[in-house]
Amino acid sequence: MSVAAAADRPGTAATAARFSPQWIVGQLSGVVLHIAVIGLTLAWMVPTIGILFTSFRPFTAINSSGWWMALSPPFQFTLDNYSKVLSSSNLGRSFFNSFMISIPATIIPIAIAAFAAYAFAWMKFPLRDWIFLAIVGVLAIPLQLSFVPVLSFFVAHGITPSALPPGLQYLPVWLAHTGYGLPFSIYLLANFFRALPSELFESAEIDGAGTLTVFFRIVLPLSVPALASLVIFQFLWIWNDLLVALIYVGGEPEVAPLTVTLANLTNSYGQGYHLLTAAAFFSMFVPLIVFLSLQRYFVRGILAGSVKG
Amino acid sequence: MDWGAVLSGIPTLVVVIVAVPAVLVAYIVGTEYLVRLLPDAFRPRVRPWIWVGPALVFVFGFLILPAILTAKSSLEDSTGNFVGLLNYQRQLGDFPTGGAWIAIRNNVYWLVLYTLVALGFGLLLAVLFDRVRYETFVKSLIFMPMAISAVALGVIWKFMYWYQPPGVTQTGTVNAFLGLFHVQPQIWVQDPKVDNFAIIAAAVWGITGFAMVILSAALKGIPADLLEAARVDGAGELTIFRRVIFPLMMPTVVVVGTTLVIFALKAFDVVYVMTGGNFETDVLANRMYKLLFFSGNQGGAAAVAMILLAAVVPVLIFNLRQFRAVEARR
Amino acid sequence: MASVTYDHVVKRYTADVTVVKDFNVEIKDKEFMVLVGPSGCGKSTALRMLAGLETVTEGQIRIGERVVNDVAAKDRDIAMVFQSYALYPHMSVYDNMAFPLQMKHTPKAEIDRRVRQASSILGLDNFLKRKPRALSGGQRQRVALGRAIVRNPQVFLLDEPLSNLDAKLRGQTRIELQKLHRDLETTFIYVTHDQVEAMTMGDRIALMYDGILQQVGTPGEVYDHPANLFVAGFIGTPTMNFVPVTTANGSAKASGFDVKLPRSVGEKKAVLGFRPEAVTDRVVEGGNALQMKVDVVERLGSDQFLYGQVGGDQVTARVDPRMQVAVGDTVRLGLDTRSLHLFDSDTEKAML
């Protein structure tokens, strides 16, 4: 029940007599509230709207007037920016590369995390809680600490994009994202698994279900919401990642994902906002769709890691 | 576009998507049959290690061991000889103008401003939005910046901060807005006096939705009975917020706050894209990257990484303790 | 043979936490035995040890002649109904009931037969395809029962199955459970904190307190001849009256009255117990009379209870519903001395 609903009681402004002083104040504060809410939201959207409009404006217009002027005549909208940036830069290829990186790098850690999380949640073994704490504590380690040793190892064993056969060039970044993504995934899933009622497991034990049956026929089906949240969360995180990609994939056009390509564009085009805004919007396309359609799960993923209401 | 390469990549993708879960399931099922060969008493002792095994290997191999090795290399020079704290001395020497000190100063700006502003805005928005019916809709609009990459965010805000010399029509939103009040345009992204704050503002825009969502959930978790009791007791809305709502949200506020501090300390992407760490906007994470890939200074990079770790660990411990306190209340 | 025996069973968690202390009880085949006691008395733990969900620290648990201490839960041939029903939320009613049989690799045709048989006994035929969340509390409970029935176990274990139902449903379900017990002709072991459930449903009741068995007997035995203060106070609503007395010369002297005891117990401090229905408005000439100053009057239609002071002690009386009494009145009540209980102040055991 929201805070506001509780305000609808006798004696509050909501139920004051019409046109009485309290009623007027109530209406005004109601109006003020809506103005504040809508105003803040609109202000918040300005940056995004700005580049959206700009990406459809011709180069000369962009450089001579603010994007808000696009709303008044003469209307000069064009698709040139998009066609130019898609054909001349590496964006198309990068778009595909991002999928090649994100999809496996999402699946592998979550699959491994699911098994480990179940063990942490429902199996007993020595040092279990300490090991779990260590895994969660590892979230503190800035990824930077791991780059040099891991990279050296990869290079020494020929696990690099240039040395690997085509199709497998992304193995280093898949493995890296797996390692980096496991702590949070394990933490999230273990908490979720632990919250399942113990009687479910006891009943299954009495019924004669073994570990495999319990995991695959009871726990996993019941965990679909948590798994969905985690998949979306992890996918967006990897899709939007820059640093890990820079380190383990590098900037070569054949393998660079969208983030790296966009970052390079920003460096090389400086103030060429006609292309940059189009490129930026192109890179935002997939995350925005995933986000808008599956927002519920994304939010649930964040909440599951932080607080229960 | 090289369609040939794209098409040859698709089979790999499919194979990986199918093969990886299949291999893992085979591993678990296969080892289960092996475990069943053991006498009853041994099964529950052996099985957990099989299930956590792969995870432990990855976490150890990609995070723990490398962290230890990096710590070790922070104490070595480029040929691997032990040099004690030399790297740290080199990095942290020439206080206060040395490169690392500027980065540390900036990290402090980040961890104070980024955290407080995002928290404050998040709280404000959570409370305001709770009172309107279209709450879900506006919340998702505020939350949307979380979906985009820091690189895209960097482009968006570089564009917002675009500078044209005074007297010319301003094309950057911020400078144009200031122009309405006859304030001179600023070179937001390159002027050392303001650029850190400009970047932090951009990052706050990206993360406030995160704080808002969590705080909103905590807000809704306050039992309506408590608020009604307070109203019956005669408390006004502001008093209720100050003395009932906010104190009850405090544990969550602390958890969110410490999480934001950790994000602030780890900031890399936004700074990299907007300034590359130049114009005195450098932060430790960027400095480390540059030392590693541009200067080839492994020892120095490791030292900076360790400094970063030293800053993050106490915050994380605090964060976890607070989180357990929130959990325990449930 | 499906009798159940607890033989000096102890459950200890740490050196200072012993939840079940030397529990001894023999439950007969086909009996409906109720384990009753307040929260934390160890009754659920005792049940769970029988189910195989907790290990036994000391002692033996036998099902029939078989010692089951080290037998896995699934091999004990028992079925358990949990307080929260523990239904698999993502499976239909049919699948929930079929699950235990699938674990035993029962052939599909046999599974189908047994599930449908259980479902018709419990009236679930129209719900077989539904998922638990589409069922009411009472229906879910029946599914939990169904899942237990299909296993055809030697013993049914029920852990507070009625707690999550509303009062009206509880009454109905009590009756249904008793019918079920008669039809299935299997041992039922039922755990509850509600003494009304215990009294109405059990063939015998076992009262537990603080991990120790206090008394075992039929409802009648436990009601009329409580072995100690705890049992006397736990069974019966309203609670039995307890009045501190000193005994001498075959009489007990309370602050507000004296009574002659059926036999002499020497001179000691004790607690005299008598149920509210022993204090009525019928004063027999020459019998014991009590003067009560009335504090509270409870009219229930079929009954009337008076709560008040007799001497310095609180007493509850059950009087004729037509008697006119007001708060503050002093009334004269008769004490039926045929149903007196005396408990030693130190040991709390019954002395008469």
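Contact here means heavy atoms within 4.5 Å. Keep that cut-off in mind as you open the model, which is a predicted one: local features need pLDDT of at least 70, side-chain atom pairs count only at pLDDT 80 or more, and totals for chains, interfaces and linings use all residues. Residues are numbered from 1 along each chain as its sequence is written, chains are lettered from A and ligands numbered from 1 in the order in which they are written, and side-chain values use heavy atoms, with hydrogens and water left out.

**Stop 1: chains A and B**

Colour by chain and start with A and B. Of the two pairs of chains in contact, this pair shares the most contacts. Select the interface and you will pick up 113 residues of chain A and 111 residues of chain B. Together these two chains bury about 10100 Å², with 80% of it on carbon and sulfur atoms; buried area is the accessible area (1.4 Å probe) that two parts lose on being put together, summed over both. Helices (H or I, at least four residues) and strands (E, at least two) are DSSP runs, numbered from the N terminus.

How many salt bridges are there between chain A and chain B? The count is zero, where a salt bridge is a side-chain nitrogen of Lys or Arg within 4 Å of a carboxyl oxygen of Asp or Glu. Ten residue pairs are in polar contact across the A and B interface, both residues at pLDDT 80 or more. A polar contact is a pair of N or O atoms within 3.5 Å; within protein, one must be able to donate a hydrogen and the other to accept it, and residues adjacent in sequence count only if both atoms are side-chain atoms.

**Stop 2: A:Arg194**

Stay on chain A and select A:Arg194, in helix H7 (residues 171-194). A:Arg194 counts as partly exposed because its relative accessibility is 37%; buried means under 20% relative accessible area, exposed over 50%, and partly exposed in between (1.4 Å probe, protein chains only). Leaving aside neighbours within four places in sequence, show A:Phe120, A:Ala121, A:Trp122 and A:Phe132, which A:Arg194 contacts.

**Stop 3: chains A and C**

Next, bring in chain C. Its contact with chain A takes 15 residues from chain A and 22 residues from chain C. About 1700 Å² is buried between chains A and C, 61% of it on carbon and sulfur atoms. Pick out A:Ile206, A:Asp207 and A:Arg217, which supply 40% of the area that chain A buries here, more than any other three residues.

Two salt bridges link chain A and chain C. To see one of them, show A:Glu202 and C:Arg48, whose closest N and O atoms are 2.6 Å apart. On chain A's side, helices H8 (198-207) and H9 (211-222) are the elements that give two or more residues, and H8(A) gives the most, with eight. Chains B and C do not touch; their nearest C-alpha atoms are 10 Å apart.

**Stop 4: a covered strand in chain C**

Select strand E7 (residues 155-159) of chain C, where five of five residues are buried. C:Val155, C:Leu157 and C:Asp159 point one way, while C:Phe156 and C:Leu158 point the other.

Two strands pair if DSSP finds at least two bridges between them. Strand E6 (residues 78-81) of chain C runs parallel to E7(C), joined by four bridges, and C:Ala79 stands opposite C:Phe156. Strand E8 (residues 187-192) of chain C is also parallel to E7(C), with five bridges; here C:Leu158 stands opposite C:Tyr190.

**Stop 5**

Still in chain C, select five strands in the order E15-E19-E16-E17-E18, which form an open, antiparallel sheet. Its edge strands are E15 (279-280) and E18 (313-319), each pairing on one side only. Six bridges join E16 (residues 288-299) to E19 (residues 330-335) of chain C, and C:Gln291 stands opposite C:Arg332 in E19(C).

Finish at C:Asn241, in strand E11 (residues 241-248) of chain C. Is C:Asn241 buried or exposed? C:Asn241 counts as buried because its relative accessibility is 3%. A polar atom of the C:Asn241 side chain lies 2.6 Å from the backbone nitrogen of C:Thr316. Residues that C:Asn241 touches, not counting those up to four places away in sequence, include C:Leu272, C:Phe274 and C:Gln314.
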